[in-house]
Amino acid sequence: ELSASADQYGGFNLLLADEHAMVHGSNRSAEFSRVLPSGVHGLSNHLLNTPWPKLELTRRRFEELIGGDQPSGAAFFEMLADRTPVPDDLLPDTGVGPEWERLLSSPFIVSERYGTRCSTVLLMDRDGRTEIRERRFDSTGRISGTSEFEFHAPEAMRA
């Protein structure tokens, strides 16, 4: 049994997956972990599938990408790099005030004190070929580094 209280650690989300299932864990939810049903889910800085406008928008864009031709890693990075804030009438009220709600409303957040510091794209095909690409950003939103990894899952893991 997994457990980790929010008092014990800062709030976090955890995703674990194999070829059979994906599990979401969070020390902010009543139930720490659960197996996810098939489908597309969204995760921001709150609980899984919190219906924030930026999460709903990005999930729709993601579904469009995977519903078309084989999308490239660049297409996913473009989706994650969206700095457009949502209209004020759609801002959630999380208790941080309208100025911060506006700042936090875009998928990509640029701020000296808080913001997007990395975006990671993981692509895996049915043959076990896996690519992990990460872009790191400074406080002005400029790319400060990149990492790319590629590997193939052993045949035994694909059975």
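Me: What kind of model is it, before I go on?

Reply: A predicted model: local features need pLDDT of at least 70, side-chain atom pairs count only at pLDDT 80 or more, and totals for chains, interfaces and linings use all residues. Residues are numbered from 1 along each chain as its sequence is written, and side-chain values use heavy atoms, leaving out hydrogens and water.

Me: OK. How many bridges join S4 to S5?

Reply: Seven, and the two run antiparallel. Leu 123 stands opposite Glu 131 in S5.

Me: And what's the strand order in the sheet?

Reply: S4-S5-S6, an open antiparallel sheet of three strands; strands pair if DSSP finds at least two bridges between them. S4 (118-124) and S6 (143-152) are the edges, each pairing on one side only.

Me: Which residue stands opposite Ile 143 in S6?

Reply: Phe 137. Nine bridges join S5 (residues 129-137) to S6.

Me: Switching topic: what share of the chain is buried?

Reply: 25% of the 159 residues, where buried is under 20% relative accessible area with a 1.4 Å probe, counting protein chains only.

Me: And the element order?

Reply: From the N terminus, β-β-β-α-α-α-β-β-β-α, with four helices and six strands.

Technical notes
Buried < 20%, exposed > 50% of the residue type's maximum accessible area, 1.4 Å probe, protein only.
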